[in-house]
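Here is my note for you to read with the structure open beside it. Take the points in order, and look for each feature as you go.

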Protein chains: 2
Amino acid sequence: MIKEVYNYYFSRDKALAKKLRSVLGYTPRRLSLYKLAFYHKSMNDAQTQNNQHNERLEYLGDSILSTIVAEYLFRKYPNKNEGFLTKMRSKIVKRKTLNNLAREMGLDIILSAYSQGRMSKSMMGNAFEALVGAIYLEKGFPKACDYMINEVLLKHLNIHELEMMDDNFKSQLLEWGQKNNINVDYRLLSKYKQDKRDRFKVAVVVGGDEVANADDFNKKAAEQLASEMALVKLNISNNE
Amino acid sequence: MIKEVYNYYFSRDKALAKKLRSVLGYTPRRLSLYKLAFYHKSMNDAQTQNNQHNERLEYLGDSILSTIVAEYLFRKYPNKNEGFLTKMRSKIVKRKTLNNLAREMGLDIILSAYSQGRMSKSMMGNAFEALVGAIYLEKGFPKACDYMINEVLLKHLNIHELEMMDDNFKSQLLEWGQKNNINVDYRLLSKYKQDKRDRFKVAVVVGGDEVANADDFNKKAAEQLASEMALVKLNISNNE
């Protein structure tokens, strides 16, 4: 019996190692680490290792990935300012992009074997970040960085497309208003102090109705956030 | 004349190198990189190098620092969950902590020489992050990581104190209410969908008046944020 269980798990491990090899292009040495990357917290069953799941690895990988991308963009765009770099980074590390990257790499195939069909969209991005954590712990930063840039980002990400992508929610909303002949206005609801800095609360008023409002230390950022919420509420699709 | 200018700048560089040596404990090889770390964007004068300032370095350093701290906490607390780690990290990388760290290290002395007296509080934290960027670009990740942990964080940061620090704004506000016999209530203003996820708008009602409100995907996080805003508005000091 024990031998059968052992064989069952051993063959499962072998199958995972094989799948990982085809996804990653190398055979991981610390397989248990990579295995953990695919255990979502919703899978609290016999499959998980002592009820451990991938949240800690995800926390680590999220940070590592963000730094790898930050450094990549810093070197790729030597003449761009910090605002551009920050914006590009957030386009790359956002959930939607990571979910797509994970699918491009084929992580969905591995993940679906573990999730027994109960897959949610964000599980993909989570597993991707956790995998970055595992790669980092096995290889160290310089090698993980090289690997992520050359084997993942440059292969599966269209940087030029991301550069062009319009995430200016305010202009999207204004354009929609013009096209449909509906008035879109921004109204400052309040200005107050937080941490000794000014903070702004801004409302988006569409056709006379307040549709959404948002706060930020920066008025334009509050308008952006409120516009993003308004686009969702009004079901206006953007070009992402 | 040219020789005099040259000597002037050369002696300034020598003085900076000396100061940096006493702050960092080593003599930087790429001095221009470290110099740049102290150029705040408000110093657009003859002192800055071709009007370059430290924002790009700060963008890089901010990310590197966050990852160094993430990894340090990941290893220091092997049994803590991702929520605890994220909270601890945000306590360490927040502006206030970085400003204090920068002062502890003695960066204020270098910075004040550059800013000609026009020092703002956030310039300290900015310069600190930019310095981390410079250290990373000169030394690479593993060495920068070792240096930041052993020579900066472990020397100047009281991790235990940070662990104990109460940043639970809701409980602070509730305690204040109990002590002063004023009713503190939380009210769900709205629940809506954003990116197909539920988002909550929560108000804090103090003594019957709505004092602040905030949005988040997580109801408790919205309550925290609204509480933080209420504490500021009501001028209730916390124990930080």
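1. Helices (H or I, at least four residues) and strands (E, at least two) are DSSP runs, numbered from the N terminus.

2. A word on what you are looking at: this is a predicted model, where local features need pLDDT of at least 70, side-chain atom pairs count only at pLDDT 80 or more, and totals for chains, interfaces and linings use all residues. Residues are numbered from 1 along each chain as its sequence is written, while chains are lettered from A and ligands numbered from 1 in the order in which they are written.

3. Now the confidence. pLDDT is the predictor's confidence in each residue, from 0 to 100. Chain A has a mean pLDDT of 86, with 88% of its residues at 70 or more. Within chain A, helix 1 (residues 2–24) has the lowest confidence, a mean of 77, and helix 3 has the highest, at 96. Where pLDDT is low, the predicted coordinates should not be read in detail. For the model, ipTM is 0.71 and pTM is 0.72.

4. Chain A is assigned domain 1 (2–164) and domain 2 (169–233). The centres of domain 1 and domain 2 of chain A, taken over C-alpha atoms, are 35 Å apart.

5. How are the two chains related? Chain A is superposed on chain B by a rotation of 180° with 0.1 Å of shift along its axis, at an RMSD of 0.2 Å. This is the relation of a two-fold axis. The superposition is by least squares on the C-alpha atoms of residues with pLDDT of at least 70 in both copies.

6. Look at where the chains touch. Two residues are in contact if their C-beta atoms, placed from the backbone, lie within 7 Å. On that basis, 26 residues of chain A are in contact with 26 residues of chain B. The elements of chain A that give two or more residues to this side are helix 3 (55–76), helix 4 (82–93), helix 8 (141–156), strand 1 (184–194) and helix 11 (219–233). Helix 3 of chain A gives the largest share, 12 residues. By class, the side of chain A that touches chain B has 11 nonpolar, 7 polar and 8 charged residues. Here Ala, Val, Leu, Ile, Met, Phe, Trp, Tyr, Cys and Pro count as nonpolar, Asp, Glu, Lys and Arg as charged, and the others, Gly among them, as polar. Since 96% of the interface residues of chain A are also interface residues in chain B, the copies meet through the same surface.

7. Which residues are tucked inside? A residue is buried if 20 or more other C-beta atoms lie within 10 Å of its own, exposed if 12 or fewer, and partly exposed in between, with C-beta atoms placed from the backbone. Of the 240 residues in chain A, 35% are buried.

8. Because 11 of its 15 residues are buried, helix 11 of chain A is largely enclosed by the rest of the structure. Its buried residues include Ala222(A), Leu225(A) and Met229(A). They pack against helix 10 (169–180), strand 1, strand 2 (197–206) and strand 3 (209–216) of chain A, together with strand 1 (184–194) of chain B.

9. Two asparagines deserve a look. Asn181(A) lies in the loop between helix 10 and strand 1 of chain A, and has a positive phi of about 60° although it is not a glycine. Asn181(A) is exposed, with 7 other C-beta atoms within 10 Å. Asn235(A) lies in the segment after helix 11 of chain A, and has a positive phi of about 60° although it is not a glycine. Asn235(A) is exposed, with 6 other C-beta atoms within 10 Å.

10. Last, visit the loop between helix 2 (31–36) and helix 3 (55–76) of chain B, where His53(B) lies. His53(B) counts as buried because it has 22 C-beta neighbours inside 10 Å. Gln52(B) is placed in the loop between helix 2 and helix 3 of chain B, and counts as partly exposed, with 14 C-beta neighbours inside 10 Å. Not counting residues up to four places away in sequence, Gln52(B) touches Leu36(B) and Tyr39(B).

Technical notes
Domains from an automatic or database assignment.
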